[in-house]
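Trainee: I am new to this structure and would like to work through it by question and answer. May we look at it together?

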Amino acid sequence: MSPMPELLMGILLVIANLVLFLALAPFFDGIVRRVMARVQSRQGPPLAQSYYDLLKLLGKENIDSTGILPFRLAPLVAFASMLCVIAILPVAGRATALTPYADAISLVYLLTLGGVAVLLGAFASKNIYALIGASREMTTMIMVEPILFMILMMGVLKTGSLDLTAVIYGTPSAGFGWPGVVMIVVSLFALQAFVARQPFDIAEAEQELLGGPFIEYSGPNYALFKYYMMLKQMFYAYLPIAMFVPLIHSGYFIADLAVQMLLTALVFLLIGLLSATHPRYRIDQAIRYFAVLFVIALCAIGAAVIF
Amino acid sequence: MDFNIYNGLMMGVLLLVASAIVIPLFARHRKLAGGLNFVVCLVAGVIFTGVACQVLTGAAAPATFDLHLGGWAVPLMIDGVSAVFMALISLMAAVTAFYCVGYMEMDHYRHYSLRGFFFCYPVFVAGMIGIVTVDDLTTGFTIAWQMMTIASFFLIRFDHHDKVIVRSANKYLLLMELAWVAILAVGLMVPGCTWGSSLHQIAGQLGLVDPGLRTLLLALTLLGFGMKAGMFPLGQLWLPDAHSVAPSPISAMLSGVMIKTGIYGILRTLFWMTPDNMPTQELQHWGMVVALVGVVTLFIGTSQAVKQVDAKRLHAYSSIGQIGYIIMAIGCARYFLGPEVGLHALALLALFGALCHTLNHAVFKGLLFLCTGSVQYTTGTKDLDKLGGLFGLMPVTAVVAGIAAIAVSGVPAFSGFTSKWAIVGSALLSGKAVGIFVIFGIIALVTSAMTLATYVKFYGMTFTSVGVEWNEKNDIHEVSASMLAPKLLLAAVCLVQGLFPFLFVQLFGRVLATSESAMTRVLGTPEMLSSLAQSYAGVTFRLGDSPVAFSLPLVMIAMLVVALLFALWLRKAGGAEERTAPVWLCGYQTLNSANRYLSSHIFDAFKKFTKWTGGNVRGA
């Protein structure tokens, strides 16, 4: 293929990625809500409820509780950073036009930027609950982010490259060996923390902190944060699928993608089930839990280095 | 030409020394003296930078030069590495001198004479320039080290009515003299070397001695320079105390550039003082040890920084952490330069990261200290428990501090990112060849999340959130333009460093071309340099033919801007109205100092979890 159509294709893929995530993320959120409700013997909201929520919030009054720039900037940065992550993500093995401009380290730091934006907003909002939430959010981030990175690291070790396509899709699943199996288990155990759901929704903790970092946000600002959370959730649910489940290589990109999305939906089912059946951890318990996961993941990396 | 650069060096140093004698005479007129001090530092800085440019644009490493002072010969050497440090010292010295003019007007300092201050400041700068240009461990080194140490000792104890400050300063002096003794001992213990032996001679002799003695001598040198750089556990002994009690511009100098002379020393020790005939395995062991020390330093330093409540102590501990990154990179590079040719490119990446981070850290940490200084100037405190909500009151300082805080956290497209990317990347990409470095890389990455936590807390508790309303001082306002200008300049430098890392690649190429050692011979070849491909958008690192790591801040920032615009559109899309309304506090309509969430409460669980790393603050 000549470079021009390839570039065009790449740009199309960036847009396709964004559309895919923006369109599906609220739906997946709906699945979780429905599953949780069913487990708790409730009817639950319709699957499209998260779309309605976003639309409604976008039209509601935007209340600014502080009048300073960081408060208004935070939701924008959070949402934008997540869009960037999605734009560089090689979904179903296809590198987008932006993938060659960011490596695994950039990806991790971009994800961090979203977290920073949430914290910035929380700190700016002059509310004690927001500060407590921010403190917990940051603590969780310190503990969880390394685990995410170590999952990616498996790919880095096998391919000797930090290029995202190589890291995520460069190794056949069998190539990971048993350290790979350990890492799958670790990523499943860390899943709830990645997506900030029970038992690790410590930062938002509606019952005790009334939404934590987001307490002062309303209207479109809150909608952006909500959307950011949903996108982040979808990214984290999709990542283990992309890393560890082989593409079916049907020859059709759409078919590969559809299978992966189906599997992602299954991950969301799991998230819903876990959320509904687990009570929230205290932050100190969560830290110990993550510490154990961290050590296990580090051992898996160590094993992958040696073998 | 060679004569010229040493002439320039001498001229600059003499100018600084002369001003140290003249300016104190005007110390009664505080602003005039400050202004003169700035002019002298600027002129000397321009001279030094001119020398540095001449060296860096040269074809090869300039010849060394023996300076004769009475009966003593002092070997001098200005090569590419020295030139970079000289330029850095000049920049920070001039900017900080300008800041001093306004800062020393602070109410608290009104009753202190500035005579000593303006005597010590230029001597301090001259001493640092000396350290990075002398080429021995004895005569010249002693002169430069003592100028630097004693002058900085008096600068640290400027506020000498406070016993705690005097004690911190004394401790600093004692430890620095110990470091001096260690390094001087090495210079004299090497067989066949005496006062005024150049590093080259020392290296030659070290190649002949018994490996046991060689190990001891190298260890002593590293210990001495490590003490200055803030290496674990030596840094913890003096650095947080000294940096937090000095006047803020002096803290900026200490953290920004003085501890970098320790890095300079470590670099010289590992790559210049090691003889060519030393077994590569022994060298690799040194690399491993230094990298390990670096990892421990960066982890412990940063985890201690998270716990701090005093803003300047927080910056000081974080300096230890950031120095750890540089030490780790230097150690990794030393290791990678072993027999395996495949790893040499990674050494290039690691050293590039070390150089980048040295320059970046100097600017953003200097900036952070200056911002904290401004906060202290106007509010009278640096206690994070008492600060908060300054964004509305001092917006310019807040934005500038925001840039620095983002840079130190390594957010993409800001200056800490590319350097940390290079350091972490080089460790991770070693992969199966050196498994332990992968673990180091992961720890470094964990630590950068902790750095982020540290600076989120610092920024949140100083500029956003609430608290300063209940401070004892009520007339809080933005500082004067003369104190803002240096910060704005540094912020601009910081942004440029972040957005255009290709400048560093070019600089690094010049440094390699204009220095002379076994390392530069290996890494300075065009084939090797081509593995760090550069374009205006950023840096790409290649192993073999394929690019394996990329840091492209310009693309990143463009992407973020487009996404931000989309987000902005989405926010407006619903046509929602905006309104400002005060926070609803469940009936406690007026928030006050008694019911707020303090800095010492933040990350409580995490602080308990990392209690074993030390640096705990009582009651926090």
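**Core, contact and backbone**

Mentor: In this predicted model, the largest nonpolar core holds 360 residues, and those touching the most other members are B:M328, B:A329, B:A350, B:L367, B:A404 and B:A444.

Trainee: Which helix gives the largest share of this core?

Mentor: The largest share amounts to 22 residues. They come from chain B, from the helix that covers residues 344-379, namely α13.

Trainee: Which residues does B:A444 touch, not counting those up to four places away in sequence?

Mentor: B:A444 is among the core residues that touch the most other members. Leaving aside residues up to four places away in sequence, its contacts are B:V295, B:L298, B:Y325, B:M328, B:I423, B:V424 and B:A427.

Trainee: How many nonpolar residues are on the side of chain B that touches chain A?

Mentor: The contact takes 66 residues from chain A and 67 residues from chain B. On the chain B side, the elements that give two or more residues are α15 (415-429), α16 (435-462), β5 (546-551), α21 (553-573), β6 (578-580) and α22 (604-609). By class, this side has 7 charged and 14 polar residues, and its nonpolar residues number 46.

Trainee: Which residue stands opposite A:N62?

Mentor: Strand β1 of chain A, residues 62-64, runs parallel to β6(B), and 3 bridges join the two. Within β6(B), the residue opposite A:N62 is B:E578.

Trainee: How far apart are the end C-alpha atoms of residues 104-125 of chain A?

Mentor: An unreviewed UniProt entry lists "transmembrane region" for several spans of chain A, including residues 104-125 and 289-306. Residues 289-306 are 100% helix, with end C-alpha atoms 26 Å apart. Residues 104-125 are 95% helix and 0% strand, and their end C-alpha atoms lie apart by 32 Å.

Trainee: Is B:A413 buried or exposed?

Mentor: B:A413 lies in the loop between α14 (395-409) and α15 of chain B, and its phi is near 80°, a positive value in a residue other than glycine. Because B:A413 has 27 C-beta neighbours inside 10 Å, it counts as buried.

Trainee: Is A:S41 buried or exposed?

Mentor: A:S41 also has a positive phi, of about 55°, although it is not a glycine. This residue lies in the loop between α1 (3-39) and α2 (49-59) of chain A. With 7 C-beta neighbours inside 10 Å, A:S41 therefore counts as exposed.

Trainee: Where is the cis peptide bond that ends at B:P233?

Mentor: The bond from B:F232 to B:P233 is cis, with omega near -5°. B:P233 is found in chain B, in the loop between α8 (211-229) and α9 (234-245).

Key. Residues numbered from 1 in each chain as written. Chains lettered and ligands numbered in written order. Predicted model: local features only at pLDDT ≥ 70, side-chain atom pairs only at ≥ 80, totals over all residues. Core = buried A, V, L, I, M, F, W, Y, C linked by C-beta atoms within 7 Å. Buried ≥ 20, exposed ≤ 12 C-beta atoms within 10 Å, placed from the backbone. Helix = DSSP H or I, 4+ residues; strand = E, 2+ residues; numbered from the N terminus. Contact = placed C-beta atoms within 7 Å. Nonpolar A, V, L, I, M, F, W, Y, C, P; charged D, E, K, R; others polar. Pairing = 2+ DSSP bridges. UniProt positions renumbered as here; feature names shortened; annotations may be inferred.
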